[in-house]
Amino acid sequence: MRPLRIVLRSALPFLIAIPLCLALQSVLSPGWSIIVIAAGINVILAVSLNVVNGFTGQFSIGHAGFAAVGAYTAAKITTAMHGLQIVGLSAGVSDQVVFLIALVAGMITAAMAGFLVGMPSLRLRGDYLAIVTLGFNEIIRVIIENTPFLGQATGISGLPRLTTVLWVGLGVIATISMARRLVGSTHGRALLAIREDEVAAEAMGVDTTGYKVRAFVIASAFAGLAGGLLVHLIQLCTPRSFTFVKSIEVVVMVVLGGMGSVTGSVVSALVLSFALEGLREVQQYRMVLYSLLLIVLMLTRPTGLFGTREIWDIIKLPGRRKAARVEVTP
Amino acid sequence: MTAPGAVLEARHVTMQFGGLKALSDFNLTLMPGELVGLIGPNGAGKTTAFNAITGVYPPSAGDVFVAGERVNGQRPHQICMAGVARTFQNIRLFKELTALDNVKVACHHGRKAGFAAAFFLTPAFVADEERITARAEEYLKVMGLSHRRDALAKNLPYGEQRRLEIARALASGPKVLCLDEPAAGMNASEKVALMELIHRIRDQFRLAILVIEHDMRLVMGVSERLVVLDHGVTISQGVPERVRKDPKVIEAYLGDSYLEEKKIAVPGAPTT
Amino acid sequence: MIEFLQHLVNGLSVGTIYALIALGYTMVYGVLKLINFAHGDVYMVGAFAGFYLANAMGVGGTPSLARAIIVFVGSMGICAALGVLIERFAYRPLRHRARLTSLITAIGVSFLLEYGFQLPSIPGIGIPFPPGPTPRFFPEPFARVAWEPFGLYISNYDVVSFVTAVALMLILQYIVYRTRFGTSMRAVSFDSQVAGLMGINVNRVIAYTFALGSGLAAAAALLFAGSRPKVDPLMGLALGVKAFVAAVFGGIGNVPGAMVGGLALGLAEEFVSGYALSSYRDGIAFALLIIVLLVRPAGLFGTFRPEKV
């Protein structure tokens with residue numbers, strides 16, 4: 001197959017997404033834009049976390065920490081390169097290029113953080129990963145709050161508003177594509193096998209530690225992407241956006257949607273994002289309702305809305321691989 | 001150094017768990033195509049021997065060689081890639097995956113395309129997937145499970161689950177196949193079919209097969225050679241006809257009161 | 001030298017509190033293999049229970065030892081009941097499910113307590129419940145007396161707190177290792193299925209374990225009230241996490257380990273923040289956690305039980 005065809009086939013979702021996002025962008029009011037973008041960022045967080053918690057069956061509850069790493073990296077880059085104009089490009093295009101660099105850099109640093117955290121802790125039993133990721137989330141917060149270079153508790157303000165519906169849309173498509181292609185591949189099957197029975201997976205030739213780390217690194221990278229997008233939406237980069245509470249909100253989205261279901265993560269992230277907007281009036285009761293939802297959900301339907309069913313098992317989407325057929329009852 | 005041509009060799013393997021010596025000075029040499037039975041009363045250390053060979057627990061002492069290469073201390077997935085596959089005493093299938101996917105997982109280590117290729121849907125990746133699917137379907141066919149390819153492993157009847165586990169182990173392309181009580185829970189006719197199956201896969205895939213079993217008729221019928229363990233110690237080895245008459249073996253299984261009753265003398269034991 | 005001793009005193013003082021809370025985590029993990037995220041918030045409830053009881057008994061106005069003891073025991077009882085309730089309705093139904101499910105439920109219960117207690121008070125019931133987000137303050141149960149031997153600062157509160165905490169820990173140690181109940185508890189922590197087959201009422205043992213752990217958390221809250229009289233709905237968060245780290249450090253599931261871990265953490269915090277950077281105080285717990293998990297994940301006294309294949 002000619003290289004061009006390969007590129008086109010793998011880039012197809014993006015090519016479809018770009019005009020859709022641009023259309024959406026022109027139609028939405030500024031208020032709604034923010035809501036939609038925030039929802040999209042949550043989708044990226046939920047789908048990426050699902051790779052670790054859903055596909056690989058691990059317990060990571062510190063996802064916001066990795067988002068923070070990506071966010072601060074991106075923020076530092078855009079502030080450093082602020083006003084810089086790349087030779088030969090107009091100011092507007094130059095800004096976009098800087099943003100792309102910042103986001104990619106954020107993904108890379110977040111991925112490295114994922115590697116550093118994952119390598120030692122994925123050797124251990126499941127519960128320990130929960131502890132370590134929680135700990136990491138908090139340590140990042142403490143480090144940021146004590147480092148002047150990172151703006152300490154007040155954070156870095158005055159960030160340019162670079163995140164648009166288009167950027168978030170591309171990010172969402174990238175994340176969903178990643179998850180979908182992963183689960184339909186032999187690598188994805190290796191992850192599922194690890195979730196099902198780690199000992200057997202190892203005995204059948206799967207490097208379980210290596211794969212768990214890989215899943216973790218990928219999830220962290222996309223969390224970093226979400227972080228970079230978030231801070232350039234609210235134009236502020238503080239540790240308060242990346243607390244343990246935020247991590248739990250993402251865990252709730254993943255569990256509500258169904259661990260192992262990308263569709264579920266997308267739907268629940270969207271539903272919860274919009275619902276939380278609607279509940280802005282009852283801010284006080286928001287977290288109480290959230291926690292009740294969590295408890296009731298676990299007691300009645302732990303598999304979540306979708307279990308592990310995917311929309312592409314029902315509707316034939318173009319260019320899809322046949323994903324591993326999975327149903328999980330935790 | 002190692003026995004020439006031996007596909008699996010265990011030398012002086014000892015397994016100690018805290019104060020318990022589960023396996024003492026275990027020695028085994030397997031030649032390609034051999035069918036060896038590993039028997040002994042419950043708790044004798046048979047599965048421990050398997051675990052030591054396949055790297056689930058690193059041996060406390062001793063060495064394991066696969067095709068001349070030392071593997072003790074390596075992780076199980078590396079030993080699998082070196083050529084040792086196994087099934088488990090309590091079936092360990094990937095319950096929520098289909099039968100086909102279960103077998104596909106075992107084909108994973110033969111892939112050519114890396115992680116990134118999956119995201120970009122490269123031709124190498126696509127070729128990998130097709131090759132893995134074809135291979136997995138082939139092994140399902142060998143074990144007579146083609147009609148179950150899309151069934152979830154947890155929904156299969158018990159006998160088919162055992163066969164699926166074997167299919168999965170075979171799909172990893174081993175030189176040595178370790179079967180841990182493959183006949184457990186099977187009825188008489190299933191056991192006969194299993195015996196034929198074991199012979200057939202040995203011939204078709206040119207494997208050495210090591211079987212742990214409790215059913216004496218099955219293991220005598222399948223094995224060319226037997227190794228008997230009791231409390232971690234090898235108490236007898238040899239061809240089935242000789243081993244079944246060995247007083248030490250009888251004592252291990254039936255107790256010394258049986259020996260006295262039958263007035264069987266155990267060489268080396270004190271006579272009252 | 002004086003500074004060193006002062007840090008030692010403070011460290012032990014805080015450490016015993018961490019130890020009491022850590023015991024709750026470790027015992028529940030031992031029998032259920034569950035990280036009870038809600039435990040820190042049970043501590044918070046204990047503090048509020050003490051607050052309401054103390055006010056109801058008029059402790060602030062006329063301090064008396066008898067009343068203090070009633071408040072103390074009463075709060076422990078309330079928390080024990082809370083622990084049993086949580087276990088019965090939130091964790092027991094999920095015992096046969098995957099562990100992540102219970103973990104998430106525990107997080108749910110934790111948030112429910114934290115944010116539920118921050119809701120505005122229900123009018124017309126006499127006491128300000130829920131307390132709402134503004135912090136309240138414990139009334140002093142007895143007059144504070146401070147001594148300053150050789151320049152150290154020790155108050156009677158510190159002494160009472162330390163002695164009571166140690167006494168409670170000794171009692172618990174006795175219960176766990178010298179009584180039939182304790183043996184049942186340890187049996188359940190090794191293998192709950194087999195323990196059940198041996199005639200142990202596993203449900204009852206688990207319920208009592210929760211009761212014990214929660215009671216100790218309440219005790220910790222009240223003992224701490226001497227030096228930290230502020231009560232607010234989020235007080236259990238930071239403390240709970242630290243106590244949990246202490247439990248992991250000592251070997252989660254191991255009772256003496258939790259005690260040692262708590263003391264070690266208290267001392268470490270005191271000495272490191274005293275002699276080095278004080279703003280990193282909260283981070284010390286996590287640094288300790290990372291070190292433990294990297295060097296000896298099973299903790300000081302924990303054993304890594306390999307999975308049987």
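Trainee: How many other C-beta atoms lie within 10 Å of C:Lys33, and is C:Lys33 buried or partly exposed?
Mentor: The model is a predicted one. A residue needs 20 or more such atoms to be buried, and 12 or fewer to be exposed. C:Lys33 falls in between, with 16 other C-beta atoms within 10 Å, so C:Lys33 is partly exposed.

Trainee: Where is C:Lys33 in chain C, and what is its phi?
Mentor: C:Lys33 sits in the loop between helix H1 (2–32) and helix H2 (39–56) of chain C. Its phi is positive although the residue is something other than glycine. The value is near 55 degrees.

Trainee: B:Glu181 also has a positive phi. Is B:Glu181 buried or exposed?
Mentor: B:Glu181 is not a glycine, and its phi is about 50 degrees. The residue lies in the loop between strand S7 (176–180) and helix H7 (188–205) of chain B. A residue counts as buried at 20 or more other C-beta atoms within 10 Å. B:Glu181 has 20 of them, so the residue is buried.

Trainee: What phi does the residue that follows H10(A) take?
Mentor: Helix H10 of chain A covers residues 244–257. The residue that follows H10(A) is A:Gly258. Its phi is positive, near 115 degrees.

Trainee: How many residues of H9(C) are buried?
Mentor: H9(C) runs over residues 235–250 of chain C and should span 22 Å, which agrees with end C-alpha atoms 23 Å apart. Just after H9(C) comes C:Gly251, with a positive phi of about 110 degrees. H9(C) is largely enclosed by the rest of the structure, because the number of its 16 residues that are buried is 14.

Trainee: How far is A:Gly260 from A:Val47 in space, C-alpha to C-alpha?
Mentor: A:Gly260 belongs to the loop between H10 and helix H11 (262–278) of chain A. This glycine is buried, with 32 other C-beta atoms within 10 Å. In sequence A:Gly260 and A:Val47 are 213 residues apart, but in space the separation is 9.3 Å.

Trainee: Are H3(B) and H6(B) roughly parallel or roughly antiparallel?
Mentor: The axes of helix H3 (residues 99–106) and helix H6 (residues 158–171) of chain B come within 7 Å and cross at roughly 30 degrees. An angle under 35 degrees counts as roughly parallel. H3(B) and H6(B) are therefore roughly parallel.

Trainee: Which residues of H3(B) meet H6(B)?
Mentor: H3(B) passes H6(B) in a right-handed crossing. On the H6(B) side, the residues are B:Leu164, B:Ala167, B:Arg168, B:Ala169 and B:Ala171. The contact divides into 7 nonpolar, 1 polar and 1 charged. From H3(B) come B:Ala99, B:Asn102, B:Val103 and B:Ala106.

Trainee: How are H6(A) and H9(A) oriented to each other?
Mentor: Their axes are 11 Å apart, and the packing angle is about 170 degrees. Angles over 145 degrees count as roughly antiparallel. H6(A) and H9(A) are therefore roughly antiparallel.

Trainee: How many charged residues are in the contact of H6(A) with H9(A)?
Mentor: A:Trp167, A:Val168, A:Gly171, A:Thr175 and A:Met178 of H6(A) meet A:Ile218, A:Phe222, A:Leu225 and A:Leu229 of H9(A). By class, this contact has 7 nonpolar and 2 polar residues. The number of charged residues is none: there are no charged residues.

Trainee: Which element gives the largest share of the side of chain A that touches chain B?
Mentor: The contact takes 32 residues from chain A and 36 residues from chain B. Elements giving two or more residues to the chain A side include helix H1 (3–27), helix H6 (165–183) and helix H9 (208–234). The largest share is 7 residues, and it comes from H7(A).

Trainee: Which residues of chain A does B:Ala118 touch?
Mentor: B:Ala118 is in helix H4 (residues 115–120) of chain B. With 24 other C-beta atoms within 10 Å, B:Ala118 is buried. Not counting residues up to four places away in sequence, B:Ala118 touches B:Phe125 and, in chain A, A:Arg181, A:Leu182, A:Ser185 and A:His187.

Notes:
Residues are numbered from 1 along each chain as its sequence is written. Chains are lettered from A and ligands numbered from 1 in the order in which they are written. This is a predicted model: local features need pLDDT of at least 70, side-chain atom pairs count only at pLDDT 80 or more; totals for chains, interfaces and linings use all residues. Two residues are in contact if their C-beta atoms, placed from the backbone, lie within 7 Å. Helices (H or I, at least four residues) and strands (E, at least two) are DSSP runs, numbered from the N terminus. The expected span of a helix is 1.5 Å times one less than its number of residues. Axes are lines fitted to C-alpha atoms, for helices over the stretch in contact, and angles run from 0 to 180 degrees between N-to-C directions. Angles under 35 degrees count as roughly parallel, over 145 as roughly antiparallel, 65 to 115 as roughly perpendicular and the rest as oblique. A crossing is left-handed if the near helix is turned anticlockwise from the far one by less than a right angle, and right-handed if clockwise. Ala, Val, Leu, Ile, Met, Phe, Trp, Tyr, Cys and Pro count as nonpolar, Asp, Glu, Lys and Arg as charged, and the others, Gly among them, as polar.
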